[in-house]
Amino acid sequence: MEEKKTYYVTTPIYYPSDNFHVGHCYTTVIADALARYKKLQGYDVFFLTGSDEHGQKIEDRAKKKGVSPKEFIDPIIDNAKDLWQALDIEYDRFIRTTDEDHVKTVQKVFQKLYDQGDIYKGAYEGWYCTPCESFWTESQLIDGKCPDCGREVKLTKEDAYFFRLSKYQKQLEEYLASHRDLMQPESRYNEMVNNFLKPGLKDLCVSRSSVKWGIPVTFDESQTVYVWIDALTNYISALGYLSEDDSLFRKYWPADLHLVGKEIFRFHTIIWPIMLMALGLPLPKKVYGHGWLTMGGGKISKSKGNYKDPRVFIKDYGVDTIRYFLLSEVPFGSDGNFSELLMIERRNSDLCNVLGNLVNRTISMTNKYFGGSVRRNEKPTELDEEVIALLNGMNEDVSKRMDDLNAPAALKAIFARLERLNKYIDETAPWILAKSEETKPRLNDVLYTILEGVRMCAIQLEAFIPATTKRILDQLGVESGGFDQLSFGLSADFEVTDKPQILFARIDEAELKARLEAEETPKIEHLPNISFDDFSKTEMMVGEILECRKHPKADKLLISQIDFGGEVRQIVSGIAQFYKPEELKGRKVVAVLNLEPRKIRGEESMGMLLCAEDKEGRIEVLQSELPAGSKIR
Ligand code: MSP
């Protein structure tokens, strides 16, 4: 028997995050669609994704929660897997860098590189923040201080191991020049060569003694493997490289495609190939650096608050609305903008108006005119032939675009067919053909042509929107059968469901816009109402600050002598962070006078200054232009 061709595709392994946003889903959804597409083409596919779990940050976050790093990570990984399931991601393995087999392979790789002299002992020098136990590079510092805690850092040296990237520089340059299709899109080739290779590669620090949460270096217990050797090795450890059973490795390596975001392209096209060269292994066939999904002009991120858990969208609109958006909207390789409204506009215009509408009309007409059964079109007209040719050419069109990893263009090629079928309905006007018995045979042929077209398009859509495809084929009463079934006329006849389902209900864009705007407007939490009588019990007055000094025992407090139109009172206020005493002298401020007097850190306070406080906690004293003694009411 002829062996199936293999296809090995990977996503990066993700840092454990509680806040996966739609940007994170981008790489994985595209990889999933490619993997499914290759499977439908008949390839034996292995699709790998996973998580990148070591390092200081994780250790710190776990410590804060009072649990071990592994205890801290486990629920996060369960949550990530739940998200991938909700998105219909069909991976073959989810590798965790804490998996025992991965740890062993990394240790063996490190040892091998050390034994052959490609890893050597040296000293790492960097800016060390003692309380954070972290090293920083000069460029990471903020005003020369620790970017995390803002404290002083010290230039410090520690023993560490280094990987001889420099030794392989020339070999890599030559390899890349003669394998120009390794880096995709092509434009990234020049960027890598000019910005990183030409200036010369420095050896890479690949271990740390200050980071405890990492894979131990077997021959030096004081060290753990640092970042990239651990992370990148996942692509081969997942297949059993250097383990007892390396059959998957022998079957699938080299990878056909590493799909990565542009910010980590460099590691995948310089460090990773050099590691593989040093290990004597073949290099991946392609590394594709995709752009970012942006929101309001910047990369989507939790810190900017511009993210929602993708499961909220899945719940509201179904999984394929988000899959379709990610696969169709962003020009592959460049950045693309995301907003809920844009996603819904795409859903309405393509999924609802073109695809959903076509399927719904077709099933309804088949039921209405033929009780759900239609026979093969034996006498195609010229018009039919034109549509049939277009449908028969679809597979080639789509596969060319998928070979270029261009999912948006592939989807366009499919939707061009769906649109043609909608137009065909208008041209053939089945409702007129249905009026006379004589034209009924033609009506049968027209409906068969549409049904067969819908079937072929659905099979083509399977890799992109698998759940919807299944719902379409179920309604048509046929099985997918993969790309072998893509020639027009393979269905003998159709027996469709008598209950057409709405695939994508229309979402009102104006309503959504209004809802989103309302969500963006901050909500104010009000106190319960009080009566006017209650309010008028408060005595408030304008007063002029005559003197102001710091509280002798409390950094945050100022003590003011304030004239309220003849009566001078002392008031203590917590505003020292925002005002110097001399700044306040002479200002006319507003105070409550009939609060119970009290001693604050030993100083009597006969009232309270009124202040405004903003969201960031900045405080400003309220002022008035009117003379001291004016009443507030
Ligand atoms: N752990 C490393 C990868 C190691 S691979 C050996 C890492 N992890 S990550 O969680 O930060 O990113 C994982 C993937 O998500 C990357 O490909 C990254 O580009 C992608 N994205 C994260 N935010 C994104 C957008 N807003 N848009 C598109 N992709 C983005 O890097």
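1. Sorted by class, the shell around the ligand comes to 14 nonpolar, nine polar and three charged residues. For that count, Ala, Val, Leu, Ile, Met, Phe, Trp, Tyr, Cys and Pro are nonpolar, Asp, Glu, Lys and Arg are charged, and the others, Gly among them, are polar. Bear in mind that this is a predicted model: local features need pLDDT of at least 70, side-chain atom pairs count only at pLDDT 80 or more, and totals for chains, interfaces and linings use all residues. Numbering runs from 1 along each chain as its sequence is written, and side-chain values use heavy atoms, with hydrogens and water left out.

2. Who sits around the ligand? There are 26 residues surrounding it, and the closest are Ile13, Asp52, Gly261, Glu263 and Leu293. To be listed, a residue needs a heavy atom within 4 Å of the molecule. Strand 1 (6-14), helix 1 (22-40), helix 7 (228-232), helix 8 (234-237) and strand 12 (257-261) each put at least two residues into the shell, and helix 1 gives the most, with four. Helices (H or I, at least four residues) and strands (E, at least two) are DSSP runs, numbered from the N terminus.

3. A backbone N or O atom of leucine 293 is 2.8 Å from a ligand nitrogen, and one of glycine 23 is 3.3 Å from a ligand nitrogen. With tyrosine 15, a backbone N or O atom lies 3.1 Å from a ligand oxygen. Taken alone the ligand exposes 670 Å², and the protein buries 95% of that (accessible areas are from the Shrake-Rupley method with a 1.4 Å probe).

4. On to the cavities: the structure holds one of 30 Å³ or more. A cavity here is a set of points, on a 1 Å grid over the protein atoms alone, where a 1.4 Å probe fits but cannot get out; lining residues have an atom within 4 Å of a point. The largest cavity has a volume of about 40 Å³, volume being the space filled by probe spheres set on the points, which are joined across faces, edges and corners.

5. What lines the largest cavity? Tyr14, Tyr15, Pro16, Phe20, Gly50, Ser51, Ile77, Ala80, Trp84 and Phe94 do. Strand 2 (44-51) and helix 3 (69-86) are the elements giving two or more residues to that lining, and helix 3 gives the most, with three. By class the lining has eight nonpolar, two polar and no charged residues.

6. Aromatic pairs: the count comes to 27, where rings of Phe, Tyr and Trp (its six-membered ring) pair if their centres lie within 6.5 Å, and planes under 30 degrees apart are stacked, over 60 edge-to-face and the rest tilted. Tyrosine 114 and phenylalanine 219 are a stacked pair, 3.9 Å centre to centre with 15° between the planes. Tyrosine 114 is in helix 4 (residues 100-115) and phenylalanine 219 in the loop between strand 10 (216-217) and strand 11 (220-225), so the pair ties together parts 105 residues apart in sequence.

7. A few backbone points to look at. A cis peptide bond joins glutamine 184 and proline 185, with omega about -15°; proline 185 is in the loop between strand 7 (183-184) and helix 6 (187-197). Another cis bond joins tryptophan 253 and proline 254, with omega about 5°.

Definitions and conventions:
1 Å grid on protein atoms, 1.4 Å probe; cavity = no way out; pocket = protein on both sides within 12 Å on 5 of 7 lines; lining within 4 Å. Polar contact = N/O pair within 3.5 Å; in protein donor to acceptor, adjacent residues only side chain to side chain.
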